[in-house]
Every structure is written in structure tokens, then in C-alpha cells.
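Here is a brief structural report on one chain. The sequence and the model come first, and the notes follow.

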Amino acid sequence: MKSAKNGRDGRTRIIEGALRRFSQDGVSATTLASLREESGVSVGSFYHHFASKEHVFGVLYAEILTAYQQAFLAELVKHQEARDGIEAVVAFHMRWAGEHPERARLLVSERPPRKHEPGGAEVSEARRAFFRQVSDWWRPHMKDGLLRPVDATMCYVLWLGPAQEMCRLWFAGAHTPTPEEIKELGEAAWLSLRRRAE
């Protein structure tokens with residue numbers, strides 16, 4: 001069993017262990033026993049913090065999503081120009097995935113918890129707040145005729161869909177994106193989202 005002397009409490013150790021196991025094996029293939037073994041906590045300690053494997057996943061997913069969204073927004077609001085913001089966020093997305101591969105792999109490969117599942121309400125609320133803030137940045141550029149009036153789903157797909165697919169290839173070990181390719185992804189996102197002249 002791992003010692004708690006390093007200052008990490010049981011909940012933190014469970015979350016850290018779950019991130020490793022879920023990222024490596026996937027949520028469905030990860031067992032409760034392997035989660036406990038990875039984190040070094042007893043059965044009693046596990047159930048003191050979490051009701052189930054699904055509960056751990058829901059909490060972990062919500063925490064990762066919130067951290068990603070906060071970093072995304074921090075990058076976005078640095079840019080006043082529409083094109084700069086669109087391209088910078090694509091570069092940020094790829095950079096964040098490279099710096100946090102286990103977290104990014106979870107966001108890319110696992111289904112988010114639904115509203116009635118553990119963590120689902122938090123994920124839903126985080127998404128609402130996130131899209132509201134992205135819209136606050138987007139709306140003036142749309143009104144100025146620079147960006148297309150697209151709904152949140154299409155915005156996400158056009159903006160980050162190709163980057164997400166590149167991440168899937170990257171995580172699968174099929175292809176490591178080059179700086180030139182990341183730049184091209186940003187340019188492609190801009191071409192997809194800019195408002196074309198009539």
C-alpha cells in the first residue's frame with residue numbers, strides 16, 4: 001500500500017490512479033480492484049470517497065473538462081482579432097493535448113457522463129457556462145461580419161473537429177503532428193468559420 005506521508009489524501013490518490021488506469025485501459029476495461037490497487041487505498045477508504053467506478057470517472061471527467069475549458073478561455077480572450085483567436089485556440093488545443101496526454105485522451109476517447117450519471121450535472125453546467133463565454137467573444141465578430149453565425153455544435157465541429165481527429169491519431173501512435181501541420185489546422189479552422197463575402 002502506498003504511504004499517505006507524501007500529503008496526498010485518499011481522494012487525490014484515487015483520482016490520480018484513475019486517470020492513469022482510465023487513460024491506459026479505458027473506463028470499461030478498468031476494474032474497481034485495479035483502481036484500488038493503482039491508488040493504494042483500502043476498500044473502506046475507496047467507498048468513503050466514491051460510490052463506484054462510474055462515480056470516480058464522472059468526477060474526474062468534470063474536473064478535467066473544467067480545467068481544459070478555463071485554459072481555453074484564458075487563451076481565447078488574449079486575442080481581439082477574429083482570425084488570431086480562431087487559430088490560437090487550435091494551437092492551444094494541440095499544445096494542451098501534448099502537455100496533458102492522459103487527460104486529453106480521456107476527453108477525446110470517452111463518452112461524457114450524462115445528466116443522470118455521476119458528474120453529469122457538473123459537466124452539463126460547465127458546458128453551458130463555457131459556451132456562453134465563447135459566445136461573448138464570438139458575437140461581436142459575428143456582428144462585424146467576420147465570423148459565421150453558427151450554433152455551438154457546428155462551431156465546435158468546424159473549429160476543433162480536425163484537431164481532435166489529429167489527437168486521436170497522435171494518441172494511437174499513428175502520427176505525431178508537426179508544427180507546420182498544427183498551423184495548417186488553425187488556418188483550416190479559420191477558413192471554415194470566417195464569413196465569406198456574398
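Arg168 sits in helix α8. Helices (H or I, at least four residues) and strands (E, at least two) are DSSP runs, numbered from the N terminus. This is a predicted model: local features need pLDDT of at least 70, side-chain atom pairs count only at pLDDT 80 or more, and totals for chains, interfaces and linings use all residues. Residues are numbered from 1 along each chain as its sequence is written, and side-chain values use heavy atoms, with hydrogens and water left out.

Arg168 is partly exposed, at 38% relative accessible area. The classes are these: buried means under 20% relative accessible area, exposed over 50%, and partly exposed in between (1.4 Å probe, protein chains only). Not counting residues up to four places away in sequence, Arg168 touches Val108 and Ser109. A contact means heavy atoms within 4.5 Å. The side chain of Arg168 reaches the backbone oxygen of Val108 at 2.8 Å. Arg168 and Ser109 are 59 residues apart in sequence, yet their C-alpha atoms are 7.8 Å apart.

His141 belongs to helix α7. The residue is buried, with a relative accessible area of 9%. A polar atom of the His141 side chain lies 3.2 Å from the backbone oxygen of Gln80. Leaving out residues up to four places away in sequence, His141 touches Gln80, Glu81, Ala82, Leu146 and Leu147.

Arg148 is in the loop between α7 and α8. At 27% relative accessibility, Arg148 counts as partly exposed. Its side chain has a polar atom 2.7 Å from the backbone oxygen of Ser192. Beyond neighbours within four places in sequence, Arg148 contacts residues including Trp138, Met142, Leu158 and Ser192. Leu193, Arg194, Arg195 and Arg196 are also among the contacts of Arg148. Tyr68 is 80 residues from Arg148 in sequence and 24 Å away in space, C-alpha to C-alpha.

Pro101, in helix α6, is partly exposed at 34% relative accessibility. Pro101 and Val56 are 45 residues apart in sequence and 19 Å apart, C-alpha to C-alpha.

**The chain as a whole**

The chain has nine helices and zero strands. Its C-alpha atoms fill a box of roughly 65 × 35 × 30 Å along the principal axes. Of its 198 residues, 41% count as buried. Among contacts between residues at least 6 apart in sequence, 70% join residues at least 24 apart.

**Pockets**

On a 1 Å grid over the protein atoms alone, a pocket is an open set of points where a 1.4 Å probe fits, with protein on both sides within 12 Å along at least five of seven lines; lining residues have an atom within 4 Å of a point. Grid points are joined across faces, edges and corners, and a volume is the space filled by probe spheres set on the points. For the linings, Ala, Val, Leu, Ile, Met, Phe, Trp, Tyr, Cys and Pro count as nonpolar, Asp, Glu, Lys and Arg as charged, and the others, Gly among them, as polar.

| Pocket | Volume | Lining by class |
|---|---|---|
| Largest | about 610 Å³ | 22 nonpolar, four polar, five charged residues |

The largest pocket is lined by 31 residues. Closest to its centre are Arg127, Phe130, Phe131, Tyr156 and Leu160. Helices α4 (53–76), α5 (82–99), α6 (101–109), α7 (120–143) and α8 (152–171) each supply at least two lining residues. The lining of the second largest pocket includes Val27, Glu54, Phe57 and Gly58. Glu110, Arg111, Pro112, Pro113, Glu117 and Pro118 also line the second largest pocket.

**Cysteines**

How many disulfides does a search of the whole structure find? The search finds zero. A disulfide is a pair of cysteine sulfur atoms within 2.5 Å. Cys155 is in none, and the nearest cysteine sulfur, in Cys167, is 17 Å away. That 17 Å gap between the sulfurs of Cys167 and Cys155 is too far for a bond. Cys155 is buried at 9% relative accessibility, and Cys167 is buried at 1%.

Definitions and conventions: Polar contact = N/O pair within 3.5 Å; in protein donor to acceptor, adjacent residues only side chain to side chain.
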